[in-house]
Amino acid sequence: MTEDLGIGVIGTGMIGQDHIRRIADVLSGARVTAVADIDRTRAEEVAAKRGAKVYDDAGALIAAPEVDAVLVCSWGPAHIEAVLPGLEAGKPLFVEKPLAVSQDDCLKIIDAELTLGKRLIQVGYMRRYDAAYAALKKTIDSGAIGAPLMYHAAHRNARVPADLYTDDMAVADTMVHDIDVARFLLDDEVARIRVIAGKKNSIGGRLRDPILGVMEMAGGAVVTVEVSVNIQYGYDIRGEVSGETGTAELAEANRVVLKSGDSFCGRVPADWRERFIEAYDKELQDFINTAKGGTVSGPSAWDGYAIQVVSDAGIKAASSGEIVACEMVKKPALYT
Ligand code: NAP
């Protein structure tokens, strides 16, 4: 396809609007031709700015002739109702995380993709496109630190909305990014998870905050993930892999270290949008480039399923205090 890819966006909330902005103003090779949102007024406002058509539901948007590929940016429980018809129509789909909100629904999606016999889904786990994580992965794969033995991560948010954020979200919405990164960096699946509540941060009110996820990978490597969501000072993402002969650590995200007087300092990003803005650009540009050829790359429906299994086990582990096994179906050859 030489002309621009026509993209239909389902869900015009925060991330939907942000992706529409990047397609229109930052990326190349695509334009937003259609939008749908359960809130029609919101969809109409967004469409008017971009010259896109408005559809009442996911099915109508997917069937539209000006839609070559689809972005699913509605809230998680609504993803399945867009993804299955999208696959049926044979259109490439970029699905914001989570792929779906239950393992059964993830497996239905995998079955539908297997029936097609090719990948059409890219899931929005964007950290794999971040330059620092990509460099960390390259370092591990080069053998520079020997066999990786442990991955230590921290995900710290300045604050979360007290009335909306729940204990389960600390695993299902926040820790999932590091679950994906651990699988990506170590090239392995999570076998077991335990979640420990730390000494409570009084700023978090009723929330169990911070928590520590401890995971054992199938090959024996150990992963620890601190999730702190009221750390106040900024959005601080850390990751370090220790191997048999060395360690490799994500560099600080700021580009300038200011030295003045007798001290040095750098900026801590305000939030995930600032920290990962380039990764979001890259993941979507990759989607556009591959969708034009009728396929996709990047995080797959299998990744979406495997992360859902670990997330469900993590939520169980957090409430029971037990170590919970992450039991997965056999990985189909399409995803190996
Ligand atoms: P949001 O602001 O609430 O936007 C979701 C939008 O989808 C809202 O406009 C919502 O309408 C609409 N919607 C709900 N059900 C729908 C349906 N059946 N059909 C069409 N539209 C529907 O949420 P958000 O923060 O943008 O998050 C959207 C998705 O992106 C979530 O899955 C979230 O986990 C993911 N996300 C990923 C990242 C990342 O780092 N990759 C970051 C942020 C969000 P109402 O408001 O009327 O319900």
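This is a predicted model: local features need pLDDT of at least 70, side-chain atom pairs count only at pLDDT 80 or more; totals for chains, interfaces and linings use all residues.
Residues are numbered from 1 along each chain as its sequence is written. Local features need pLDDT of at least 70, side-chain atom pairs count only at pLDDT 80 or more, and totals for chains, interfaces and linings use all residues, while side-chain values use heavy atoms, with hydrogens and water left out.

Start with helices α1 (residues 14-25) and α8 (residues 272-291), whose axes sit 11 Å apart at an angle of about 60 degrees. Helices here are DSSP runs of H or I with at least four residues, strands are runs of E with at least two, and both are numbered from the N terminus. Axes are lines fitted to C-alpha atoms, for helices over the stretch in contact, and angles run from 0 to 180 degrees between N-to-C directions. The pair is therefore oblique, the class left over once angles under 35 degrees (roughly parallel), over 145 (roughly antiparallel) and 65 to 115 (roughly perpendicular) are taken out.

Now for the ligand: 24 residues lie around it, and I15, D37, R42, E81 and Y280 come nearest (near means a heavy atom within 4 Å). A backbone N or O atom of I15 is 2.8 Å from a ligand oxygen atom. Polar side-chain atoms also reach the ligand, that of D37 lying 2.7 Å from an oxygen atom and that of E81 2.7 Å from a nitrogen atom.

Most peptide bonds are trans. K97 and P98, however, are joined by a cis one, with omega about 0 degrees, and P98 belongs to the loop between β5 (93-95) and α5 (103-116).

Notes. A polar contact is a pair of N or O atoms within 3.5 Å; within protein, one must be able to donate a hydrogen and the other to accept it, and residues adjacent in sequence count only if both atoms are side-chain atoms.
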